[in-house]
Amino acid sequence: MALEAEVHLYRLQADLSPDLDALEKLLASIEKPVKALLATHYFGIAKDFSRLKAFCVNREITLIEDCSHVLFTEHFRAAGTGSYGHFVVSSPYKFFACDDGGLLYTPEDHLLDRVKTVPATPVEELRGIKHAWERSRSARIMIGDISSIDLRLESLSACPVVPGNDEIEERSAPSALFSGALAHRESLRCSRLIVDQSSITDNMRRRRENYHRWLEAVTRISNCQTLFSDLPEHTAPYMFPLYIAHPDPHFYWLKHLGVPIWRWDEMADSNCRISQDYRLHLLHLPCHQALTSNQLEWMITALDKTLNRSSAKGFQ
Ligand SMILES: Cc1ncc(COP(=O)(O)O)c(C=O)c1O
């Protein structure tokens with residue numbers, strides 16, 4: 001949108017991989033030449049984009065491999081990722097406690113010749129150090145007492161669910177959060193230092209352990225379904241995606257209990273059935289390397305008790 005290009009949304013399949021048949025039909029319906037296609041390895045689970053790559057090469061479309069959910073740094077690439085795209089983008093800040101840092105990578109160096117970046121100012125660097133320090137002191141999930149979950153759910157379910165204000169907003173310009181100037185700024189030195197000093201092995205091991213703990217727990221929990229029950233070897237999961245049957249009221253209750261969950265509420269409006277469905281039904285649960293065993297246990301118990309409870313008025 002910043003380049004004033006037209007944006008078209010293509011359909012995804014239930015496993016969040018591109019629906020190539022639908023993509024082919026979509027491309028046939030677009031009059032202007034399509035320049036680029038973005039494909040994502042959601043939640044860090046590598047997808048085989050070899051067919052998609054051939055598809056793009058045949059049509060002279062630049063494939064941008066979105067590794068934003070992947071453990072992908074200047075010196076490390078999770079298996080099965082970063083090898084398809086003409087360009088690769090990643091967001092190390094999602095895996096490490098740094099303040100910023102987006103990576104743009106291409107296997108063909110000359111493609112970056114025209115990309116000019118400017119270093120951060122000393123004030124920005126200092127601010128980054130301050131934020132990293134604050135984060136290291138305050139990054140704690142505040143968990144309550146397991147024994148109080150029942151009581152809190154009792155009082156939550158006695159009150160009506162306050163519905164969110166759901167509306168579609170049309171925009172012809174990028175979001176106000178987008179900064180053209182930041183797009184050209186190099187990542188902070190302290191961000192790169194944090195990534196370089198962190199142990200990739202520990203990061204991956206802890207995330208995998210936490211993911212497996214969720215997997216094992218949800219087999220006993222009703223009203224939900226795992227999206228990826230198989231965690232391939234050498235995969236560092238970004239989060240644990242879980243499909244819930246009744247977001248209303250379960251999402252509302254979980255939020256009010258303080259479970260740190262995310263959803264793609266702000267999904268762009270499209271005709272993709274999966275996107276429409278996952279927007280409210282797919283929870284992203286944390287499997288971050290710094291989670292303690294007690295924190296996970298509290299979250300699992302809160303999820304279990306919440307999804308087992310039905311509202312007094314029944315589900316809508
Ligand atoms: C799938 C996906 N791609 C790209 C991005 C953007 O990454 P960044 O926050 O580094 O701009 C996000 C952000 O959450 C994302 O979820």
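1. Four residue pairs are in polar contact across the interface of domain 1 and domain 2, both residues of each pair being at pLDDT 80 or more. A polar contact here is a pair of N or O atoms within 3.5 Å; within protein, one must be able to donate a hydrogen and the other to accept it, and residues adjacent in sequence count only if both atoms are side-chain atoms. By class, the side of domain 1 that touches domain 2 has nine nonpolar, three polar and two charged residues. For these classes, Ala, Val, Leu, Ile, Met, Phe, Trp, Tyr, Cys and Pro are nonpolar, Asp, Glu, Lys and Arg are charged, and the others, Gly among them, are polar.

2. A word on the basis, before you go further. This is a predicted model, in which local features need pLDDT of at least 70 and side-chain atom pairs count only at pLDDT 80 or more, while totals for chains, interfaces and linings use all residues. Residues are numbered from 1 along each chain as its sequence is written, and side-chain values use heavy atoms, with hydrogens and water left out.

3. In contact (heavy atoms within 4.5 Å) are 14 residues of domain 1 and 20 residues of domain 2.

4. Together the two domains bury about 1,500 Å², and carbon and sulfur atoms give 76% of that. Buried area means the accessible area (1.4 Å probe) that two parts lose on being put together, summed over both. On the domain 1 side, Phe43, Ile45 and Phe95 lose the most area to domain 2, together 48% of what that side buries.

5. Salt bridges deserve a point of their own. The rule asks for a side-chain nitrogen of Lys or Arg within 4 Å of a carboxyl oxygen of Asp or Glu. By this rule the count is 16, yet between domain 1 and domain 2 it is zero. Asp202, Arg205, Arg206 and Glu209 are linked in a network of such bridges.

6. Glu24 and Arg59 form a salt bridge, with the closest N and O atoms 3.0 Å apart; Glu24 is in helix H1 (residues 20-29) and Arg59 in the loop between helix H2 (50-58) and strand S2 (62-67), 35 residues apart. Arg309 and Glu154 meet at 3.4 Å, N to O, and this pair joins the segment after helix H10 (293-307) to helix H4 (residues 149-158), 155 residues apart. Helices (H or I, at least four residues) and strands (E, at least two) are DSSP runs, numbered from the N terminus.

7. Within helix H3 (residues 122-138), Lys130 and Glu134 are separated by about one helical turn because they are four residues apart. Their side chains meet in a salt bridge of 2.9 Å, N to O. Lys130 is partly exposed at 47% relative accessible area, and Glu134 is partly exposed at 31%. The classes are buried under 20%, exposed over 50% and partly exposed in between (1.4 Å probe, protein chains only).

8. A polar atom of the His281 side chain lies 2.7 Å from the backbone oxygen of Ile244. Leaving aside neighbours within four places in sequence, His281 is in contact with Leu242, Tyr243, Ile244, Ala245 and Pro247.
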